[in-house]
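Please open the structure in your viewer and keep the sequence panel beside it, so that each selection can be made by residue number. The tour goes from one selection to the next and says what is there.

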Amino acid sequence: MRAMQNSSRLQEVRYDLRGPVQHAAKKMESEGHSILRMNLGDPAPFGLHAPESIVVDMIHHLREAQGYSDSKGIFSARTAISQYYQTKGLMEIGVEDIFIGNGVSELISMTLQAFLEDGDEVLIPSPDYPLWTAATVLCGGTAVHYVCDEENNWWPDMADVEAKITERTRA
């Protein structure tokens, strides 16, 4: 029996969220260090919660949501999202402009697949959430990292960002 070989696309993919980096972070945390957890994709620990109108619609439509929904997502949830952003002054965002996925990871990959040709560049903050770099590489793109300065509250160094923009930059 032949051993399964990984695709060549995986050669440049680094995605260590559960291995040595996490173990080192837990050790540092136990020693009293403050750790900025850039491996969390869950927005709730950061105080970002779904608006009440979305929660109510989800509860109301739970029976209907046991199968597949429209490819853009449940209409009433998209309506609630549209209305929420309209209360924030973004009047041009309509229900048909909104896509809901099974988490941001899926939507990042779908977006990159739609926009990238082989060799296109994506500007990504450093340090980054590893999904951004991995998804870019898996979609045939080139990850170009710009500096986010710890001494400046992790804000991007805009001169570094501007210096890294080329004719191949797509995102």
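A residue is called buried when its relative accessible area is under 20%, exposed when that value is over 50%, and partly exposed in between. Please keep in mind throughout that this is a predicted model.

**Stop 1**

Select helix H5, residues 130-138. Seven of its nine residues are buried, so H5 is largely enclosed by the rest of the structure. To see which ones they are, colour Pro130, Leu131, Thr133, Ala134, Ala135, Thr136 and Val137, which are the buried residues of H5.

Now pick out Thr136, which has its place in helix H5 and counts as buried at 1% relative accessibility. Which residues does Thr136 contact, if its neighbours within four places in sequence are left aside? They are Leu112, Leu116, Val122, Ile124, Gly141, Thr142 and Ala143. Just after H5, stop at Gly140, which takes a positive phi of about 90 degrees.

**Stop 2: the sheet**

Show the three strands that form an open sheet in the order E1-E2-E3, with mixed pairing. The edge strands are E1 (121-126) and E3 (155-156), each of which pairs on one side only. E1 pairs in the parallel sense with strand E2, residues 142-149, over six bridges, and within these strands you can find Val122 standing opposite Ala143 of E2. Helix H5 packs on this sheet, where it touches E1 and E2, and its direction makes about 165 degrees with that of E1.

**Stop 3: the nonpolar cores**

Select Ile108, Leu112, Leu116, Val122, Ile124, Tyr129, Leu131, Ala135 and Cys139, the nine residues of the largest nonpolar core. Helix H4 (104-115), E1 and H5 are the elements that give two or more residues to this core. If you centre the view on Leu112 and leave aside its neighbours within four places in sequence, you will find it in contact with Val122, Ala135, Thr136 and Cys139. A second, separate core has five residues, among them Leu123, Val144, Tyr146 and Val161.

**Stop 4: a pair of helices**

Move to helix H2 (residues 52-60) and helix H3 (residues 75-87), whose axes come within 9 Å and cross at roughly 170 degrees. Angles over 145 degrees count as roughly antiparallel, and therefore H2 is described as roughly antiparallel to H3.

**Stop 5: the backbone in the loops**

Most residues other than glycine have a negative phi, and most peptide bonds are trans. With that in mind, select Ser126 and Pro127, which are joined by a cis peptide bond with an omega of about 5 degrees; Pro127 has its place in the loop between E1 and H5.

Finally, go to the loop between E2 and E3, where Asn153 is found and where Trp154 also lies. Asn153 has a positive phi of about 60 degrees although it is not a glycine, and Trp154, not a glycine either, has a positive phi of about 70 degrees. Are these two residues buried or exposed? Asn153 is exposed, with a relative accessible area of 61%, whereas Trp154 is partly exposed at 34%.

Notes. Residues numbered from 1 in each chain as written. Predicted model: local features only at pLDDT ≥ 70, side-chain atom pairs only at ≥ 80, totals over all residues. Heavy atoms only, no water. Pairing = 2+ DSSP bridges. Helix = DSSP H or I, 4+ residues; strand = E, 2+ residues; numbered from the N terminus. Contact = heavy atoms within 4.5 Å. Axes fitted to C-alpha atoms, helices over the stretch in contact; angles between N-to-C directions. Core = buried A, V, L, I, M, F, W, Y, C linked by side-chain atoms within 4.5 Å. Buried < 20%, exposed > 50% of the residue type's maximum accessible area, 1.4 Å probe, protein only. Parallel < 35°, antiparallel > 145°, perpendicular 65-115°, else oblique.
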